[in-house]
Amino acid sequence: MSMQQVSARKMGRWALAAGLLALAAAGSAHALEWNLQPAATKIAEDIHSLHEYVMALIVVIFFGVFGVMFYSIFAHRKSNGHKAANFHENTTVEIVWTVIPLLILIGIAWPVTKTVIAQKDTSNSDMTIKVTGYQWKWGYDYIKGEGEGISFVSQLATPRDQIEGRAAKGEHYLLEVDNEVVVPVGKKVRILTTAADVIHSWGLNAFGVKQDAIPGFVRDTHFTATKIGTYRGQCVELCGKEHGFMPIVVRVVSAEDYTKWVDGEKKKMAALADDPTKTYTLDELKARGEKTYTANCVACHQATGKGMPPAFPPLDGSKIALGPKDAHILQVLNGKAGTAMAAFGKQLNDTEIAAVVTYERNSWGNKTGEAIQPAEVKALRK
Amino acid sequence: MKGWIQELPRQEFAFQGRGPGFSLLLKRNCSISPAGLMWAYGAIAAVTLGVAAAFAVLGAWMVLPFAGIEVVALGIAFAMNGRHAADYERIQLAGGRLLVEVCESDSVRRHEFNPARASVMVAGAGHGMRIMLESPGRSLEIGRHLHERARLELAGELNRRLRN
Amino acid sequence: MSAVLDDHGHDHGHDDHHHGYSGIMRWITTTNHKDIGTLYLWFSFTMFMVGGVMALVIRAELFTPGLQIVNPDFFNQMTTMHGLIMVFGAIMPAFVGFANWLIPMQIGAPDMAFARMNNWSFWLLPFAGALLIISFFMPGGAPGVGWTMYAPLTVQMGIGMDFTIFAIHILGMSSIMGSINIVTTVLNMRAPGMTLMKMPLFCWTWLITAYLLIASMPVLAGAVTMTLTDRHFGTSFFNAAGGGDPVLYQHIFWFFGHPEVYIIILPAFGVISQIIPAFSRKPLFGYASMVYATASIAILSFIVWAHHMYTVGMPVTGQLFFMYATTLIAVPTAAKMFNWLATMWRGSLTFETPMLFALGFLFLFAIGGFSGLVLALAAVDIQLQDTYYVVAHFHYVMVAGALFTAFAGIYFWLPKWTGRMYNETLGKVHFWLSMIFFNMIFFVQHFLGLAGMPRRIPDYPLQFETWNKISSIGAFGFGLSQLLFLYIVVKAITSGEKAADKQWEGADSLEWTHLPSPAPYHSFETPPVVK
């Protein structure tokens with residue numbers, strides 16, 4: 001044992017100590033996560049057991065192989081006076097260690113195949129929900145089964161203050177939404193995914209589900225929740241600036257609670273339905289527009305209307321917001337190709353678009369005094 | 001360094017023949033045959049163009065021009081390298097004649113010298129040093145496939161044999 | 001060969017000076033494979049530092065939940081550029097540097113086949129690197145699309161995206177020229193007697209890698225060009241609204257991308273196959289099977305690309321085909337592992353720094369391989385796709401696989417290149433620091449991924465906090481440890497002890513057995529005879 005080895009070891013121990021210290025210092029309110037989230041569907045359970053099975057094999061192989069290596073490191077070292085043998089090939093051994101891994105792999109691939117087939121089988125579903133990815137929120141349309149016709153947009157409910165460190169972070173920081181998806185327990189739910197702008201990915205660890213949402217294409221997946229509860233996830237495909245801020249929350253409820261939720265939702269929709277022929281005052285529109293703006297526009301264009309140039313241009317004093325109103329409305333309806341400006345035509349109704357355009361044209365330094373009416377928006381829709 | 005000198009490739013100095021004559025073949029060192037090179041090229045060109053064609057069928061035709069340019073570039077490189085693969089110089093002393101046969105890409109030229117009046121001269125020094133086979137009024141560079149040091153040895157050896 | 005020329009009265013030391021240029025012009029005009037190898041290695045290290053700083057920005061932001069240091073847009077630019085710079089600017093040039101230095105010496109050739117082209121293929125790199133970095137200063141900044149540059153997000157980016165596309169074209173050109181050079185050199189310039197099956201394994205792995213590069217680079221060039229025309233010239237290759245398909249981009253990208261992974265790791269296998277026999281004082285076990293395993297990995301790498309795309313919604317037969325094909329790669333890879341172990345078995349082992357890094361490679365690459373096996377299983381991958389589990393997996397393969405191997409190779413050949421030894425104690429300290437901090441960064445990311453933390457997010461839910469803190473602390477430790485590496489190398493070059501011609505007792509390739517240390521500027525101008 002030379003001096004240099006001693007000092008190398010010493011450095012190693014220091015680094016190890018630093019690591020343990022970090023572990024201790026990093027203690028937070030949450031328990032450490034070591035594994036997949038608790039399963040809430042049969043497929044997620046299967047994935048759990050597949051993962052455990054494969055990990056068990058891996059650990060055995062790992063210790064076997066590196067047991068041999070470490071034995072060699074200790075027994076066959078020159079400092080122990082070990083003389084090198086001179087063998088350098090053996091066809092039998094080569095064949096053995098090619099065939100054995102092959103057999104192990106077949107032993108792994110076989111059970112996985114069954115789960116892959118189950119994951120892909122979206123037939124015989126009890127209800128269908130279409131999920132649309134937007135930059136940066138999720139649109140949900142219940143298109144088949146109980147609750148058909150329900151439609152809402154679901155987006156991050158965590159306040160900006162928490163994200164920017166001006167307020168204490170809540171329990172479900174970044175995993176809370178304004179409108180949760182509600183599904184009945186024990187029913188096979190088929191999920192159709194698509195997107196309006198770029199690729200997003202909809203998934204829930206607890207359900208063993210992940211499916212990319214691709215603009216212009218519809219893909220599907222499915223789950224049958226076995227446990228009542230609230231399950232949380234996030235968009236998992238990089239989709240631009242706010243990719244980290246578009247969570248997915250699914251609440252699984254009993255059949256009766258689901259029926260109740262559907263009734264409530266239908267009533268709410270009826271009450272909320274805006275009459276596109278109504279005429280509003282400027283102040284009404286501005287108040288409504290501020291809400292819409294905060295929900296949809298603030299991430300890029302900022303509450304101050306200053307944007308984050310040059311990627312996200314300011315609205316305060318902008319040519320669009322002070323120019324012809326039709327051009328402004330059209331930009332909000334259809335978005336702007338080649339930029340992150342999304343088309344809001346499908347996400348917002350006429351009243352909301354009229355309100356938000358009015359708000360943008362009459363806030364900060366913008367003072368056009370124009371009140372845009374829903375009918376004007378309706379006229380511009382293709 | 002002594003050991004290194006002994007490692008000179010023997011075949012380059014394999015003076016063959018009996019009696020007063022000899023035959024010496026000087027070749028470039030080429031470790032692959034032209035046929036082997038063609039196989040190596042054909043394999044990679046087929047894979048590259050095949051892949052590009054498959055993508056073109058799927059609508060991504062822009063892979064194809066890049067694959068084409070690349071296969072052409074590789075072809076030019078191989079051709080430049082392979083054109084001279086079979087080059088050689090053969091220096092023969094037989095029947096009182098000194099014959100030098102120079103093969104370069106696809107041409108073979110024969111030069112005849114009078115051994116009694118020919119000698120080998122060294123031109124230049126260090127890197128870029130050449131050796132010339134000279135007789136009155138004529139001069140021919142030889143030993144181009146050899147390293148400088150081997151050229152010097154060749155010059156000495158040839159002069160010795162010509163003088164005998 | 002100056003000593004030899006000296007016998008004949010020529011200027012002593014002629015060969016150690018070059019073509020009349022000195023200073024910076026020497027490096028710009030050089031066509032010498034050793035000079036160019038050196039340039040590649042220093043360029044690679046510079047880019048490694050630049051990409052490393054970007055990684056530290058990422059880890060600093062992720063130290064704690066909430067947005068503290070950078071905004072999400074800049075965070076995305078960091079993840080994108082970190083990936084591109086590390087893959088194309090640091091790892092690939094490092095191994096091309098090794099190829100330039102070693103291939104001619106190992107096969108007994110005087111230089112690369114096309115020395116002038118070799119100079120061009122290096123000097124393209126600084127321009128490409130500069131374009132990547134300049135993109136940060138363009139309106140809209142660098143692209144924030146991830147190194148995979150998925151459509152149609154690329155269409156939303158600013159002009160920085162175009163700079164990146166041009167940079168990739170230049171990098172691709174450089175790689176192609178390098179590959180043509182390597183293929184021609186290895187095929188045609190071997191010394192008499194140096195048959196293909198006698199070549200050191202490093203030359204074999206590079207020959208196969210060069211073939212992979214030639215086959216896959218046009219695919220990348222096509223992919224980014226189509227991205228460019230979609231952005232500016234109204235084409236719709238990947239735009240659904242115009243009849244294109246965004247998923248087609250992913251197929252094209254990964255058709256390049258998966259061979260790219262092996263382009264990075266195969267030369268690393270070659271380096272390991274030189275180092276382990278040297279320090280085991282025993283010939284490489286199963287040379288022929290190593291060659292066949294390398295070739296099979298290369299061939300398989302072209303039929304597994306869609307395992308990066310299990311969540312795009314392929315038909316069930318697609319999922320299964322790519323799963324089976326991918327798991328099959330474990331067979332030749334395992335054979336390689338076993339061959340290395342068998343090489344060590346009953347050897348006479350010593351543990352100098354290169355050997356430590358090589359053993360670190362075996363250990364960590366095995367972990368990366370096993371996590372790769374887990375990810376190959378389509379059903380399980382659904383849980384792990386685009387999470388930190390994937391980040392952990394490919395850093396085990398890229399950092400512990402390729403980077404550790406590059407370290408091993410530099411410590412191994414530095415005596416041959418410079419004629420001077422590094423400080424063995426400091427080398428070992430560098431190894432242990434790298435080893436410990438590396439695992440601190442990335443081992444915990446397996447847990448984050450399993451628990452569902454997506455990659456490429458600038459902020460995260462609270463339950464991921466502890467592991468992220470540990471990971472961030474590890475990252476800063478790892479980054480600082482690499483400054484020690486720089487110190488060790490510079491110290492060795494400037495004032496290291498003289499190295500022996502055959503510094504390592506067990507080394508047996510031509511550069512050790514036939515050349516002095518440092519290797520002369522012109523070596524093997526007359527090929528040696530290999531018996």
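Predicted model: local features only at pLDDT ≥ 70, side-chain atom pairs only at ≥ 80, totals over all residues.
User: Which pair of chains has the most contacts?
Analyst: Two pairs of chains touch. The most contacts are between chains A and C.

User: How many helices and strands does chain C have, and what is its radius of gyration?
Analyst: Chain C contains 17 helices and zero strands. For its 531 residues the globule rule gives 24 Å, and the value for the chain is close to that, so chain C is as compact as a globular protein of that length. Its C-alpha atoms fill a box of roughly 75 × 50 × 45 Å along the principal axes. The radius of gyration of chain C is 23 Å.

User: Why is chain A described as more spread out than a compact globule?
Analyst: Chain A has 11 helices and 10 strands. The globule rule gives 21 Å for 382 residues, and the radius of gyration of chain A is well over that, so the chain is more spread out than a compact globule. The C-alpha trace spans about 95 × 55 × 40 Å along its principal axes. The radius of gyration behind this description is 29 Å.

User: What percentage of the residues of chain A count as buried?
Analyst: A residue counts as buried when its relative accessible area is under 20%. Chain A exposes about 18100 Å², with carbon and sulfur atoms supplying 61% of that area. For chain C, buried residues make up 76% of 531. For chain A, with 382 residues, the figure is 46%.

User: Is Thr209(C) buried or exposed?
Analyst: Thr209(C) sits in helix H7 of chain C, which covers residues 201–232. Beyond its neighbours within four places in sequence, Thr209(C) contacts Ile263(C), Leu266(C) and Pro267(C). Its relative accessibility is 0%, so Thr209(C) is buried.

User: Which residue has its backbone oxygen 2.6 Å from a polar atom of the side chain of Thr209(C)?
Analyst: A polar contact requires a pair of N or O atoms within 3.5 Å. The side chain of Thr209(C) supplies one polar atom, and the backbone oxygen 2.6 Å away belongs to Thr205(C).

User: Is Ile299(C) buried or exposed?
Analyst: Ile299(C) is part of helix H9 of chain C, residues 287–300. From Pro192(C) it is 107 residues away in sequence and 29 Å away in space, C-alpha to C-alpha. The cut-off for exposed is over 50% relative accessible area. At 62%, Ile299(C) is exposed.

User: Where in chain C is Pro152(C) found?
Analyst: Pro152(C) is joined to Ala151(C) by a cis peptide bond, with omega about -10 degrees in the case of Ser517(C) and Pro518(C) and about -5 degrees here. Pro518(C) is placed in the segment after helix H17 (510–513). Pro152(C) is in the loop between helix H5 (115–134) and helix H6 (160–188).

User: Is Leu174(A) buried or exposed?
Analyst: Leu174(A) is not a glycine, yet its phi is positive, near 70 degrees. The residue lies in the loop between helix H4 (160–163) and strand E4 (181–184) of chain A. With a relative accessible area of 0%, Leu174(A) is buried.

User: What is the relative accessible area of Gln302(A)?
Analyst: Gln302(A) also has a positive phi, near 70 degrees. Its place is the loop between helix H7 (298–301) and helix H8 (319–322) of chain A. Gln302(A) is partly exposed, with a relative accessible area of 27%.

Conventions
Residues numbered from 1 in each chain as written. Chains lettered and ligands numbered in written order. Heavy atoms only, no water. Helix = DSSP H or I, 4+ residues; strand = E, 2+ residues; numbered from the N terminus. Rg over C-alpha atoms; globule rule 2.2 N^0.38 Å. Buried < 20%, exposed > 50% of the residue type's maximum accessible area, 1.4 Å probe, protein only. Polar contact = N/O pair within 3.5 Å; in protein donor to acceptor, adjacent residues only side chain to side chain. Contact = heavy atoms within 4.5 Å. Areas by Shrake-Rupley, 256 points an atom, 1.4 Å probe, with all protein chains shown as cover.
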